[in-house]
Amino acid sequence: MNAINRRSFLKLSTRLSVLLGLGASAIPRVAEALDELSQGLAPVLWLQGQCCSGCSVSLLDSEAVTPYKLLTRYISLGFHQTLSAATGDQAVQVVNKIVNQGGYVLIVEGAVPDKMPQACMFGEEPFAEQLVRAAGKAKIILTAGTCSCYGGVPAAENNPTGAVSVPAFLKGRGIAVPVIRVPGCPIHPDWLVGTVVHALKFGLPPVDGLGRPLAYFSKSMHEQCPRFNDYEREHFAKTFGENGCLFKLGCAGPITYTDCNLRGWNGGVNSCIRAGAPCIGCGGENFCAQAGFPLITKERAAETTKADA
Amino acid sequence: MNKTIKLSPVTRIEGHLGIKVEVEDGRVARAYVSGEMFRGFETLLRGRDPLDAQYITQRICGVCPIDHGMASVLAQDMAYQLTPPDNGRIIRNLTQAANFIASHITHFYLLSALDFVDVAMITEYQGKDRALLDLQAWVKAQLSSRQVYPAAPFLPRYATKYLADKDANFGALKHYMDALEIRSQAHKMGALFAGKMPHAASLVPGGVTAKATSLNISQYRTLLEPIQDFINQSYLPDVLAVAGAFPEYFSLAQGCGNFLTYGVFPESADGAAKFLPGGARVKGKWQKLDPEAVTEDVGQSRFSSASGRKPFDGETVAAPDKSGAYSWLKAPRYQGEPMEVGPLARVLAAYQDGGNAEMKGAVDQLLKTLGRDATALASVMGRHAARALECKLLADRCAVWLDQLTPEAPAFKDFSIPESGRGYGLTEAARGALGHWLDIKNKKIANYQCVVPTTWNCSPRDDHGVAGPVEQALVGVAIADAENPIEAARVVRSFDPCLACAVH
């Protein structure tokens with residue numbers, strides 16, 4: 001590695017240490033981790049089940065570590081359906097050879113159609129079977145996004161494919177590989193990048209009972225809400241586009257444990273609440289689960305208005 | 001060579017796609033396109049609150065979520081008889097345009113470029129560009145490492161003839177790296193009004209929850225200018241360079257010859273005037289758009305529901321083991337015909353409409369540069385060129401829309417959900433015509449049907465055995481090497497397929 005590379009490398013390590021909340025003393029260890037990764041000692045395999053690729057797209061929006069740096073410095077991405085040059089049989093061979101080798105970090109995007117295996121195929125093989133093979137040989141499994149973590153939209157009530165989350169599916173198949181859940185619809189790129197590097201170098205990050213890294217998922221949206229004072233003063237928005245707490249429009253902030261309000265999206269330029277939209281709880285374990293539980297509503301505000309009159 | 005070649009999965013598209021081509025005497029005689037992933041959005045939406053729709057349908061696709069959100073709020077606007085305030089309409093346009101721009105740039109560089117550009121040539125680079133030297137160091141280190149697949153995900157790839165011109169190649173490689181950042185800047189631009197991208201928070205019936213402020217208007221403009229520069233100085237020249245090096249792709253994959261666009265980016269309060277107009281070319285003749293002409297067949301699709309229905313009465317009942325069915329996609333038809341949708345359809349519609357002088361001038365200029373007439377546009381290269389051209393004109397238009405915003409003005413018109421009602425939302429995704437049809441009963445969704453761009457393009461055969469547009473485009477394509485069927489991959493990718501969308 002030449003001098004320029006080394007310098008920018010250390011700069012990245014510093015940035016990543018900050019991102020991970022590890023402090024300056026961890027910089028050399030992070031640098032070492034990245035060095036190892038760049039030599040391909042810890043390959044990453046990315047598989048897609050019933051997904052929309054939104055988590056992959058969101059990952060490409062990463063700023064703390066740009067996607068190009070991520071691919072060439074941080075991880076060795078053996079296969080990704082949306083990015084890999086290999087196509088057709090060649091793609092199948094690539095995945096199979098990586099799986100046979102084992103010892104990779106497996107990132108899974110999307111749910112598993114447990115009752116309808118034909119509803120997601122990779123070449124000639126049902127995704128469910130591919131996942132069983134790949135999970136068994138993984139060093140660690142990281143579920144990226146709400147579909148993969150909890151089932152999400154594909155597993156919503158009345159879904160026809162019997163979709164389940166990756167942890168639920170693997171448990172059903174008796175596969176016991178540690179799973180870290182990084183939910184979100186989509187994932188925030190910081191959550192995924194930070195978790196991957198932590199897992200590779202420092203082992204499993206501190207997680208809660210659902211396997212979510214505490215660094216990102218330990219406080220509710222409500223606690224960190226820019227409109228928290230409106231809630232305290234009982235100043236509620238009665239319809240969209242108004243100032244005030246969005247609780248009566250169905251905001252799921254109090255039951256959603258993500259740090260969107262502090263972190264901000266797309267380089268921190270905005271967030272759902274800052275854009276005047278109630279939190280729909282897309283990072284929560286029950287996102288879209290029940291048909292009778294609306295994501296946003298005008299009814300609650302309308303009832304209040306009626307009561308006030 | 002007589003042989004059946006399977007490309008499954010086709011990577012560097014969105015989602016799970018399989019292609020089967022039957023090659024006779026070295027050319028594709030028949031092609032079969034299969035969508036391989038199904039979630040059942042239309043089924044799980046039934047019985048839900050209509051306001052769930054613009055959020056849930058965005059999750060159909062992470063590449064074009066805003067377009068699904070738009071189709072959904074347009075359908076609800078119609079059902080609730082709403083007209084958004086000007087700011088609401090313009091903010092929606094700016095959000096959707098940001099998604100288009102990100103998608104087009106992603107498509108050319110991240111999804112298509114590796115079919116033409118030679119990554120391995122970077123080892124021969126002798127210049128001083130830091131980013132390229134960086135890439136060179138990485139590729140060299142990878143090639144001498146003990147990686148199972150060095151330089152993944154860029155290698156391995158099909159063995160074929162790639163771009164030979166070194167400068168054009170190095171330029172495109174550098175722009176590939178730039179594109180990664182530019183596309184995320186486009187998303188950031190959209191997030192200024194959407195809250196976040198992908199999967200926007202602020203789209204609601206009646207407009208948007210976000211407000212235009214002098215700050216976010218200027219932020220959008222600040223982000224837009226480097227994107228415009230990238231389109232003009234990198235994207236368009238790279239497309240022309242690739243087009244120059246692979247001229248045979250101007251006469252390849254003409255497709256079905258029918259084109260459909262619903263039109264997009266409303267520029268009047270009633271939505272009638274659009275920046276890109278709607279229209280349909282059926283059997284060689286352009287005609288006015290008729291939403292009633294859309295039906296969906298399922299004869300060869302994995303559904304047991306009724307075939308040939310109009311979307312308002314459409315059904316989606318999965319039948320994974322249905323005999324003779326080979327795709328999870330339905331087969332949408334317009335007046336019974338398969339239709340190509342996408343940037344090419346939009347550019348051709350605007351060109352023949354003539355109302356958009358800039359578009360007319362830009363297409364004429366492009367054809368002059370290429371030394372070809374308009375018929376050459378229905379081709380692999382024509383689709384790439386139309387996409388790049390649209391990207392440029394759209395980015396330029398965003399600057400005009402920003403000037404039309406009034407800071408702090410209302411962007412939302414209040415509504416209440418009726419006991420019953422119907423509406424459809426016709427718009428465009430980056431990759432083509434997108435429609436949502438909504439039927440409300442007892443304030444809940446009674447039926448919801450999506451007819452999606454890639455459902456049109458990657459449609460399987462219909463009940464009459466007529467092949468879909470991509471299936472038709474593949475016929476006649478010469479495959480030089482059955483082990484490396486790059487020609488078929490190039491044809492398929494020129495349509496920018498999005499399979500999560502297509503099946504939903």
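Two strands count as paired when DSSP finds at least two bridges between them; strands (E, at least two residues) and helices (H or I, at least four) are DSSP runs, numbered from the N terminus. What you have open is a predicted model, where local features need pLDDT of at least 70, side-chain atom pairs count only at pLDDT 80 or more, and totals for chains, interfaces and linings use all residues. Residues are numbered from 1 along each chain as its sequence is written, while chains are lettered from A and ligands numbered from 1 in the order in which they are written.

**Stop one: the sheet in chain A**

Select the five strands that form an open, parallel sheet in the order 2-1-3-7-9. Strand 2 and strand 9 (179-182) stand at the edges with a single partner strand each, so one side of each has no neighbour in the sheet. Neighbouring strands are turned by 25° against each other on average, direction ignored.

Now pick strand 1 (residues 43-48): three bridges join it to strand 2, and the two run parallel. Click A:Val44 and look across to its bridge partner in strand 2, A:Leu77. Then show helix 5 of chain A, which packs on the sheet and touches strand 1, strand 2 and strand 3 (104-109). The direction of helix 5 makes about 120° with that of strand 2 (angles run from 0 to 180 degrees between N-to-C directions, and axes are lines fitted to C-alpha atoms, for helices over the stretch in contact).

**Stop two: two domains**

Colour chain A by domain: domain 1 is 3-216 and domain 2 is 219-309, bounds that come from an automatic or database domain assignment. Across the boundary, 16 residues of domain 1 are in contact with 14 of domain 2 (contact: C-beta atoms, placed from the backbone, within 7 Å).

**Stop three: chain A meets chain B**

Bring in chain B: 79 residues of chain A are in contact with 80 residues of chain B. Elements giving two or more residues to chain A's side include helix 1 (3-20), helix 4 (67-74) and helix 5 (89-101).

**Stop four: a helix pair in chain B**

Finish on helix 4 (residues 86-112) and helix 6 (residues 166-194) of chain B, whose axes come within 8 Å and cross at roughly 165°. Helix 4 and helix 6 of chain B are therefore roughly antiparallel (angles over 145 degrees). Show the side chains that make the contact, among them B:Ile91, B:Ala98 and B:Tyr109 of helix 4 and B:Tyr176, B:Arg183 and B:Phe193 of helix 6.

How values were computed:
Contact = placed C-beta atoms within 7 Å. Parallel < 35°, antiparallel > 145°, perpendicular 65-115°, else oblique.
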